[in-house]
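Opening the notebook on this one. I want to look at the ligand surroundings before anything else.

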Amino acid sequence: MAVLTLLAPAKLNLFLHINGKRADGYHELETLFTLLDFGDELTFEANEKGSVTIEGAPSDINLADNLIFKAAQMLRPYTAQTTGAHIVLNKRLPMGGGVGGGSSDAATTLLALNELWNCQLNVSELANLGVKLGADVPVFVRGVSAHAQGIGENLLPVSLSEKFYLVVSPGVHVSTAAIFGHPDLPRDTPKLSDGWSMENTRNDCEVLVKKLYPEVEKTLEWLLKYAPSKMTGTGACCFAEFTSREAAERVLQTLPENWQGFVAKSVNCSPVHKQLNIPL
Ligand SMILES: C[C@@](CO)(OP(=O)(O)O)[C@H](O)COP(=O)(O)OP(=O)(O)OC[C@H]1O[C@@H](n2ccc(N)nc2=O)[C@H](O)[C@@H]1O
Ligand SMILES: Nc1ncnc2c1ncn2[C@@H]1O[C@H](COP(=O)(O)OP(=O)(O)O)[C@@H](O)[C@H]1O
């Protein structure tokens, strides 16, 4: 049976503005997603065992809660009952870090099993399934860097100039739901009427997360000594933007011991889509 090894790329929110709160409790956002050339690695082996098994899954997440498993279950109605898969995860991205690892794992699973299980769904249909798993899943299913509105599912592809990012995980876990539910979160940023730059945009979650997690504040203060820097998503990861890989790598070499980091290049198209020949 066919085997596929694919990357589940990370994302950064180059800015994240919160425009309001909707009646369903979710927040109306404006954000700029860039995809990165670094991420988790997933190997999919289709079989005829009628079930899905995962090797290398984070031990603190039950199988039924794993976004990889949930994504596979969503495709069950579109394939034969006897179809199954064994999936090996090589987790490289910090969990709950704002770099979208779980969402990207889910999207890569939808794209890979759609192919291996011959489900014949198109990218729009997969994105509609994906948003039920998380607001961040559609951007990875579409596989493009994008300006996003709505809860993050209303996507306009963008072509961003190539940059190199040093992404630092301060080693604390920030709950997305807790930040969105916090009374001190600003929720009234107007939509951008002009273009964006690192300077005229911000991450609206940053002030609150820095207050609740001083380690995030320390990380940002440290990065800002070297380059324009922001937090991504609801944190806790922060990134600094460079124009060359060497400059980013030089700063990574001096990273304080208790933090983890990686350097990655921004990409406008997901490596998954290139590998599977999915038109963008
Ligand atoms: C904030 C962002 C920005 O990219 O990133 P992360 O920091 O999580 O990566 C995302 O919108 C997160 O997407 P995702 O992590 O998929 O969130 P979900 O599982 O859909 O939602 C988790 C919880 O966050 C809240 N939530 C999420 C998205 C949104 N637009 N409004 C919300 O209020 C809801 O309370 C929801 O129950
Ligand atoms: N395969 C998975 N990888 C990572 N996290 C997962 C996975 N499956 C479920 N989760 C859960 O989803 C949450 C959010 O994951 P992740 O996408 O890494 O964070 P974020 O949305 O902050 O970027 C995690 O805290 C974890 O509990």
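**Ligand 1, shell.** I started with the make-up of the shell around ligand 1: seven nonpolar, nine polar and two charged residues. My classes count Ala, Val, Leu, Ile, Met, Phe, Trp, Tyr, Cys and Pro as nonpolar, Asp, Glu, Lys and Arg as charged, and the others, Gly among them, as polar. In total 18 residues surround the ligand, and the closest are K11, H27, A135, D136 and T234. A residue is in if one of its heavy atoms lies within 4 Å of the molecule.

**Housekeeping.** I am working on a predicted model, so local features need pLDDT of at least 70 and side-chain atom pairs pLDDT 80 or more, while totals for chains, interfaces and linings use all residues. Residues are numbered from 1 along each chain as its sequence is written, chains are lettered from A and ligands numbered from 1 in the order written, and side-chain values use heavy atoms, with hydrogens and water left out.

**Ligand 1, contacts.** I looked for polar contacts, meaning N or O pairs within 3.5 Å (within protein, one atom must be able to donate a hydrogen and the other to accept it, and sequence neighbours count only if both atoms are side-chain atoms). Oxygen atoms of ligand 1 lie 2.8 Å from a polar side-chain atom of H27, 2.9 Å from a side-chain N or O of D136 and 3.1 Å from a polar side-chain atom of T176. On its own the ligand has 690 Å² of accessible area, and the protein covers 82% of it. I took areas from the Shrake-Rupley method with a 1.4 Å probe; for residues, only the protein chains shown count as cover. Elements giving two or more residues to this shell are β1, β2 (27-47) and α5 (176-180). Helices (H or I, at least four residues) and strands (E, at least two) are DSSP runs numbered from the N terminus.

**Annotated site.** Which residues does UniProt list for "active site"? The unreviewed entry gives K11 and D136. K11 itself belongs to strand β1 (residues 3-21). UniProt positions follow the numbering used here, feature names are shortened, and annotations may be inferred rather than shown by experiment.

**Ligand 2.** I counted 17 residues around this one, with L67, G96, G98, G100 and G102 the closest. Their classes come out as five nonpolar, nine polar and three charged. A backbone N or O of L67 is 2.9 Å from a ligand nitrogen, and a backbone N or O of G98 is 2.9 Å from a ligand oxygen. Alone, ligand 2 exposes 540 Å², of which the protein buries 81%. α1 (67-75) and α2 (101-116) each supply at least two shell residues, and α2 gives the most, with four.

Where is the cis peptide bond? I found it from G235 to A236, with omega near 5°. A236 is in the loop between β8 (229-231) and β9 (238-242). N118 is not a glycine but has a positive phi of about 55°, and I placed N118 in the loop between α2 and α3 (123-130).

The unreviewed UniProt entry annotates residues 200-259 as "domain: GHMP kinase C-terminal". I get 43% helix and 13% strand there, with the end C-alpha atoms 28 Å apart.
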